[in-house]
Amino acid sequence: DWGRLLAPHLGKNIPGGPDIVVQNMPGAGTVVAANHVYNIAKPDGLTLGLVNPAIYIDQLLGAKEVKFDWPKFSWIGSPERVDQVLFIRTDFPQKTLEDLRKAPEPPRCSATGRAGLAYFLPKLLEDALGIKVHMVLGYGGGGEMNLAMEKGEIHCRAGTVSAYVGREPTRTWIKKGFVHALVQSGTKRYSKLPDVPTFYELMESYKTPDATKRVAKVLLSSGGFGRPFMGPPGMPAERVKILREAFVKTMNDAALLADLKKRRWELDPTSGEELEAISKEVLVQPPEVIERVKKV
């Protein structure tokens with residue numbers, strides 16, 4: 001849990017060294033927490049939120065539960081990106097994306113449901129690149145999907161790039177040649193997957209129409225938000241600046257880096273300025289793009 005891990009380190013790097021108290025606020029996939037930070041917390045820099053990065057899509061689609069305007073949050077920073085990688089069993093007859101375009105039977109790809117990058121990334125192969133994938137939904141989580149892949153119930157699935165290269169069972173699967181990666185969702189290639197193309201690169205190669213590119217950008221940008229720390233709207237610029245600087249110092253703090261090493265967690269931070277720019281970009285969409293996002 002990034003909130004609990006970062007709290008003592010972040011507090012230490014804020015002038016005055018305040019204690020940071022972590023409080024869980026469950027409900028509606030963190031929409032309740034986001035609503036609280038946006039509407040109830042005072043914009044004094046003393047309350048921060050850490051929410052699911054994909055809930056901006058709820059706002060874009062007009063969900064009645066949403067009581068916030070995503071770009072107006074005071075963005076502080078994120079400790080990691082949560083870009084995804086789509087990987088497939090190496091014994092599937094078609095080995096490359098180009099081969100998959102001609103596959104007589106599409107690969108079966110798993111996801112927990114119709115939300116989040118694990119569903120969007122394989123689904124977009126069909127919408128943007130014309131590569132058919134048969135989605136199998138309803139799995140309880142990563143463990144169940146990994147077991148299904150071992151049994152051959154499914155052929156492919158998407159997961160975070162850091163977990164794919166750094167955690168089990170995929171770390172061993174890669175070494176043994178059981179799986180290989182097809183595509184990643186980030187705007188840039190993950191450093192440990194330098195040979196795996198990004199979805200954005202493929203859209204250029206396949207000459208994907210602009211409206212479809214915008215749909216893909218909307219759906220894939222949650223990976224860029226990562227684990228976003230944000231404050232209420234209307235915070236004084238000086239306080240936002242202090243918190244952003246403290247966040248950057250924390251990302252370079254030797255004590256935090258030692259903690260991460262013990263846990264084998266990866267650090268791939270995004271600044272508050274970058275989060276602010278992405279938030280404005282994804283929410284400004286023409287009606288036809290919003291309609292296509294709804295269909296996906």
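## Helix α1 and its two partners

Start with α1 and helix α12, which spans residues 237-251: their axes come within 8 Å and cross at roughly 120°. That angle makes α1 and α12 oblique to each other, and their crossing is right-handed. On the α1 side, the residues involved are Leu 6, His 9, Leu 10 and Asn 13, and they meet Ala 246, Phe 247, Lys 249, Thr 250 and Met 251 in α12. Sorted by class, this contact of α1 with α12 has 5 nonpolar, 3 polar and 1 charged residues. Keep in mind that this is a predicted model.

Helix α1 (residues 2-13) also packs against helix α13 (residues 254-263), at an angle of about 160° and with the axes 10 Å apart. Angles over 145 degrees count as roughly antiparallel, so that is the label for α1 and α13. Here too, α1 passes α13 in a right-handed crossing. Trp 2, Leu 5, Leu 6, His 9 and Lys 12 are the α1 residues here, and across from them in α13 sit Ala 255, Leu 256, Asp 259, Leu 260 and Arg 263. The class count for α1 with α13 is 6 nonpolar, 1 polar and 3 charged residues.

## The nonpolar cores

Now for the inside. The largest nonpolar core has 56 residues, and the ones with the most contacts inside it are Phe 68, Trp 70, Phe 73, Leu 86, Leu 125, Val 183 and Phe 199. Helix α5 (residues 117-129) supplies the largest share of this core, 8 residues.

Take a look at Leu 125: setting aside residues up to four places away in sequence, Leu 125 touches Leu 86, Leu 97, Gly 130, Ile 131, Val 133, Val 183 and Phe 199. Apart from this core lies another one, of 16 residues, including Tyr 139, Ala 148, Ile 154 and Val 196.

Helix α2 covers residues 31-39, and its buried residues are Val 31, Ala 33, Ala 34, Asn 35, Val 37 and Tyr 38. What covers them? The cover over the buried residues of α2 includes β1 (49-50), α3 (56-60) and β8 (229-231).

Over in helix α11 (residues 222-225) you'll find Phe 225. Phe 225 has a relative accessible area of 0%, so it counts as buried. Leaving out neighbours within four places in sequence, Phe 225 is in contact with Pro 53, Tyr 56, Trp 70, Trp 75, Ser 78, Glu 80, Leu 275, Ile 278, Ser 279 and Val 282. Along the chain, Phe 225 and Leu 50 are 175 residues apart, yet their C-alpha atoms are separated by 11 Å.

Most residues other than glycine have a negative phi, and most peptide bonds are trans. Two places here go the other way. One is the cis peptide bond that joins Glu 168 and Pro 169, where omega is about 5°. Pro 169 is in the loop between α7 (161-166) and α8 (170-176).

The other is Lys 207, which is not a glycine but has a positive phi of about 55°. Where is Lys 207 found? Look in the loop between α9 (199-205) and α10 (210-220). Is Lys 207 buried or exposed? Lys 207 has a relative accessible area of 70%, so it counts as exposed.

Methods: Residues are numbered from 1 along each chain as its sequence is written. This is a predicted model: local features need pLDDT of at least 70, side-chain atom pairs count only at pLDDT 80 or more; totals for chains, interfaces and linings use all residues. Side-chain values use heavy atoms; hydrogens and water are left out. Axes are lines fitted to C-alpha atoms, for helices over the stretch in contact, and angles run from 0 to 180 degrees between N-to-C directions. Helices (H or I, at least four residues) and strands (E, at least two) are DSSP runs, numbered from the N terminus. Angles under 35 degrees count as roughly parallel, over 145 as roughly antiparallel, 65 to 115 as roughly perpendicular and the rest as oblique. A crossing is left-handed if the near helix is turned anticlockwise from the far one by less than a right angle, and right-handed if clockwise. Contact means heavy atoms within 4.5 Å. Ala, Val, Leu, Ile, Met, Phe, Trp, Tyr, Cys and Pro count as nonpolar, Asp, Glu, Lys and Arg as charged, and the others, Gly among them, as polar. A nonpolar core is a set of buried Ala, Val, Leu, Ile, Met, Phe, Trp, Tyr and Cys residues joined through side-chain atoms within 4.5 Å. Buried means under 20% relative accessible area, exposed over 50%, partly exposed in between (1.4 Å probe, protein chains only).
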